[in-house]
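Thanks for coming, everyone. Please have a look at the screen, and then I'll walk you through a few spots.

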Amino acid sequence: MTEDGHSHSHAHGHAHGGAPGSPRIRLLLAACTVPFLVAALAGLALLWPRHYVGGTAALPGTITAEEVVPCQNTGCLQMTVRMEGGPDAGTTVVLAPAPVPIDSPGLRTGNGIIVKLTTAEDGSKRYEWAGFRSDPMTATVQEVRAQPCEIGRCVDIAVLLADGPDAGRKVDLPRWALTEGQRAPTVGDRVVVARTTNPADGTTIYNFSDYERSSPLLLLAGLFVVATIAVGRRSGLGGLVGLGASYLLIVSFALPAILDGRNPMAVALVAGTLIMFLVLYLASGVNVRITTALLGTLLSIGLTAALAQVFVAVTRLSGLTSDEAAFLHVDNAAISLDGVLLASIVIGTLGALNDVTVTQAAAVWEVHRANPDQSRRHLYLAGMRVGRDHIASTIDTLVLAYAGASLPLLLLFSQQNLAFGRVVTGEIVAEEVVRTLVGSLGLIASVPITTFVAALVVSADHEHRRSAARDRSAAPNPSPRAAADDGPESSEPAATEPAVTAPAPNRERRRDRPRPGRSERPAAEPEKPEKPWRPPKAERDFWGDA
């Protein structure tokens, strides 16, 4: 086979599916990606939560003993509590004396309360009473009775408790006033009720909290898992494993670290980097194509974080635009809400970045597979043609997702007939605008970044393999006898090789002699040199190659 034919066959076999490239390319990609992994692991160790050090937390507990002690020229109640959450879950702690009504029936042994834990920088802890606890319980609606109401509709509901200390007991819930358009529960509905203690007389009160949705959500999750595995097969299963690992990383590291007062942006960068390593490699395996997409993703994450830092600062966004953020700020003032906004921008773009970079890397690989002899410039331009269409669809997806999440807010502004400029520049909408546009800029930048890296890797790998094939074909091919005689232990001169006697003409093999009545076979034509492979004309016209 010719030199070109050999190199083409070799490159074709390794280009498809992101198969391993040459050792030099793998080493180069490892040198580019391993520092990101090392930095992320170091950040994970440095930012790991220290159990609320330097901050406060509201934790559940149950009173096991109470004692009246003097304080502030009056009596205070000092409670011993068994902690049911936080770093001291399962242990018994003594709360600081609380200036509460010492005769309150609600503060008695067995009642649930909220404990405020404050941890100083030196590790010392202070436990204080923070209020009564509300425990969620599952119940089934037994009766629904409509009642007259001054405004709107009211209903009385009786439920059968399914768990908790009163499981199996039928209780009446307080009268519920329904708002306009709100659906009343029906008999047989599964609901969640909140169990609280009345501080006035110490009795237990149950209030309607929410509908119980675990069954339909589990069904939906099961359909999602089945569809993912049925369509994606091994890649789908790997994607589910990566999704689970990402969830565990966010729940076990990112959220506790932010609550612990760590820098939210640093936490988001560390968590985002580790999530991308887990998701990409678990879904598609460790290979050159996926590592190229990973490198493009990591560079795009860094650019997105930088843009978010700049534009959140220049637009003076505080992050305090929702009820959730306000409650969080009241409960834990040590948390930087503008940092939480920055972290949400970075984490919110991870999924879309993953989609874009993997698609771009795959596009470049497929273009190279169709025509391995294309130059680096042609690979980049062909990949960008695919990326432009992907950019438009991905940005639309991102913008519409944010618009859908903010639809009630947008309807409220529209109902008030506010000017468009006034609405957009207000902090509530401006926060979503910055979130959307910064994320979109990160997505747009990921296309040329990943395409350039992929074109660089593919062309370099192809040139390396082609050069190696050329060197192998140009090397002399010694005869077997000469190779056998040329050894390190051979010190004597080689003996003269006897002449080979040509066979006599009359000693031809039987099967080579012409048979009577049959003409001799014509001599075989010399093999024509193989032409270099070229794609079909329609494909060349499509990609713009001559």
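This is a predicted model: local features need pLDDT of at least 70, side-chain atom pairs count only at pLDDT 80 or more; totals for chains, interfaces and linings use all residues.

β6 covers residues 135–147, and β10 covers residues 190–197. They pair in the antiparallel sense, over 6 bridges. β6 also pairs with β7, residues 153–161. That pairing is antiparallel too, with 8 bridges. One of the bridges joins Val144 to Ile157 in β7. β6 and β7 make a hairpin, with 5 residues between them. Look at Gly152 in that turn: its phi is positive, about 75°.

Now the helices. The largest nonpolar core has 50 residues. Which of them touch the most other members? They are Phe253, Val267 and Val312. Several helices supply at least two residues each, among them α2, α3, α5 and α12. The largest share comes from α4, with 11 residues.

Take Val312. Leave aside its neighbours within four places in sequence. Val312 is then in contact with Leu317, Leu341, Leu342, Ile345 and Val434.

Last stop, the surface. There is a nonpolar patch of about 640 Å². Its residues include Phe224, Val225, Ile229 and Leu282. Two elements give two or more residues to this patch: α3, 214–259, and α4, 264–284. α3 gives the largest share, 6 residues.

Val225 lies in α3.

Note on methods. Residues are numbered from 1 along each chain as its sequence is written. Side-chain values use heavy atoms; hydrogens and water are left out. Patches are made of residues with over 30% relative accessible area and no salt bridge: like charges are joined within 9 Å, nonpolar side chains (Val, Leu, Ile, Met, Phe, Trp, Tyr) within 5 Å. Accessible areas come from the Shrake-Rupley method with a 1.4 Å probe; for residues, only the protein chains shown count as cover. A salt bridge is a side-chain nitrogen of Lys or Arg within 4 Å of a carboxyl oxygen of Asp or Glu. Helices (H or I, at least four residues) and strands (E, at least two) are DSSP runs, numbered from the N terminus. A nonpolar core is a set of buried Ala, Val, Leu, Ile, Met, Phe, Trp, Tyr and Cys residues joined through side-chain atoms within 4.5 Å. Buried means under 20% relative accessible area, exposed over 50%, partly exposed in between (1.4 Å probe, protein chains only). Contact means heavy atoms within 4.5 Å. Two strands pair if DSSP finds at least two bridges between them.
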